[in-house]
Amino acid sequence: MFESVLVANRGEIARRIIRTVQRMGLRAVAVYSEADADLPFVKEADEAILLGPANPAQSYLDAEKVLEAARVSGAQAVHPGYGFFSENAAFARAVIEAGLVWVGPSPEAIERMGDKINARNLMEEAGVPVAAGTREPVTDLEKAVAAAAEIGYPVMVKTAGGGGGIGMGVAHDEAGLVKAFETAARAAARFGGGGDAAGREGPAILLERYIGRARHVEVQILGLADGTVVALGERDCSVQRRHQKVVEESPSPGITPELRERMLAAAVRAGEAVGYLGAGTVECLVDADEQDFVFLEMNTRLQVEHPVTELVTGVDLVEQQLRIAAGERTEVPSAVRGHAIEFRVYAEDPKRFFPGPGRIVEWEEPSGEGVRVDSGYAGGNTVTPFYDPLMAKLCVYGETRAEALERAREAVAGFRVEGPKNNLPFCAELLERAEFVDGDYDTGLVARMRA
Amino acid sequence: MAEVRAEMVANVWKVLVSEGDTVEDGDTLVILESMKMEIPVIAEDDGVVAQLKVAEGDVIQEGDLIAVIE
């Protein structure tokens, strides 16, 4: 086992990884930007190295600076967290070439799954169901129009290399497609979602048939050091705004045991198809009425919402990632018990979900039985506009879903944030919304709440 | 005269008009970026851009003056 880990990330996930690294008796090295100097993850690390200015390109996304920080600090492994370098095959390769341990799947696996079109075709070959859609990247509008006509409207338009919902849009007709294509192309150019994994030039856009009443359900997999792949239950991530997740729960209240079994088996096949090592997530769209599913994409990293899986399985996924990366043969109990829900506490207004960064003048986290808070900030910190709006993840656990909901209501009411705008009022509202309470919701839920 | 001010802390990503330009109600003046989200700033009156107080790459605070439309 290596003795030190550099965490190439920021905020709540850096802090959460550092916690496990230190619990395992290893040394945690943080890297940070000027904007983040006062955040808890910097203070709690055993060593923290300043990378540069707030702009990610000059700090968290500057590969040379991050590798230099690893060299200077003597770190032996690099954990990328999520976002930033987590699904960047070139960076993973650079880490390995520098003689360090990369805490993640092989660069080859990242490449193969990072390109959504590639991944989709690969999954189809592995016998995993996929949605009707383009098998090659669409690079211009004319081809997109032709492809959409063939697939049939409505279609989902997204960047082949992108993630996090950036640039995604639904088109109901040709006029809508023109708009959605431009949005996706612009996002591809701006956020590096332009099929970068495959090294293509220009926008690479993917079109797929859009399922109306869909649930977004994903399976957590772990590729173990001995080559086997296990599934650790699923997470329902259907509470979304702007195609980004807000609330996740495990188990999904919207799938039958029979469908769950099929999805978990398919996720294991997906992992085996790429010789997957470490933590990964197979995202699927579930047709709630038909109780059927299609593969959406595979994320070759730790997910934001991994705590709900940890709460229902008792497995520390970060510890598993580290042990697997070190080549240890671990045994993972995959049984799921109870129910867990995560609420992303975003610095945004609870009505329109517009960003509302600012200085935190009051910060009081709820605690108690069945409550876990993974936060990136504390009182006195400033939430800046440079990074994503996630301030904390409020997670609750109960023996039953009803108990988890009850604990969630109390915990949301007990979470006090003053300063930045925050979506806790939205979380409280959601917990009184009948379709969420009943578990009978789909990805259109938030839009209906704001209609 | 109408002052256009920032609704939140943000980076100025794109400036789409110059001083002296004629704009209409609903035209996009600048595009801000905050927390990985693009936020267009829209003219709420017809007129001429008399002052433009931001440049691409600036970080602006809530309430900061972006432009004056006359």
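**Two chains, one predicted model**

Let me start in chain B, where strand 4 and strand 5 pair in the antiparallel sense over six bridges. Strands here are DSSP runs of E, at least two residues long, and helices are runs of H or I, at least four, both numbered from the N terminus. Two strands pair if DSSP finds at least two bridges between them.

A word on the model. It is predicted, so local features need pLDDT of at least 70 and side-chain atom pairs count only at pLDDT 80 or more, while totals for chains, interfaces and linings use all residues. Residues are numbered from 1 along each chain as its sequence is written, and chains are lettered from A and ligands numbered from 1 in the order in which they are written.

Back to that strand pair. Strand 4 and strand 5 of chain B form a hairpin with two residues between them. M35(B) sits in the turn, with a positive phi of about 50°. Which residue is the bridge partner of L32(B) in strand 5 of chain B? I39(B).

Strand 4 of chain B, residues 28-34, has another neighbour. Four bridges join it to strand 2 of chain B, and the two run antiparallel. There, V15(B) stands opposite V30(B).

Now the other sheet I want to show. It is an open sheet of four strands in chain B, in the order 1-8-6-3, with antiparallel pairing. Its edges are strand 1 (2-5) and strand 3 (22-23), each pairing on one side only. Strand 1 of chain B is joined to strand 8, residues 65-69, by four bridges. In that antiparallel pair, R5(B) has L65(B) as its bridge partner.

What does the record say? UniProt, in an unreviewed entry, lists residues 1-70 of chain B as "domain: Lipoyl-binding". Such positions are given in the numbering used here, feature names are shortened, and annotations may be inferred rather than shown by experiment. The span is 54% strand and 0% helix, and its end C-alpha atoms lie 4 Å apart.

Next, where the chains meet. Nine residues of chain B are in contact with 11 residues of chain A. Contact means that C-beta atoms, placed from the backbone, lie within 7 Å. Strand 2 (10-15) and strand 5 (37-42) of chain B each give two or more residues to this side. By class, the chain B side has six nonpolar residues, two polar and one charged. Nonpolar covers Ala, Val, Leu, Ile, Met, Phe, Trp, Tyr, Cys and Pro; charged covers Asp, Glu, Lys and Arg; the others, Gly among them, are polar.

On to chain A. It has 15 helices and 20 strands. Its C-alpha atoms fill a box of roughly 55 × 50 × 40 Å along the principal axes. The domain assignment, which is automatic or from a database, gives domain 1 (4-103), domain 2 (132-209) and domain 3 (214-449). The centres of domain 1 and domain 2 of chain A are 32 Å apart, over C-alpha atoms.

Of the 451 residues of chain A, 55% count as buried. A residue is buried with 20 or more other C-beta atoms within 10 Å of its own, exposed with 12 or fewer, and partly exposed in between; C-beta atoms are placed from the backbone.

One last stop: helix 11 of chain A, residues 317-325. Is it mostly covered or mostly open? Mostly covered: seven of its nine residues are buried. Among them are L317(A), V318(A) and L322(A). Just after the helix, G327(A) takes a positive phi of about 85°.

Technical notes
Two residues are in contact if their C-beta atoms, placed from the backbone, lie within 7 Å.
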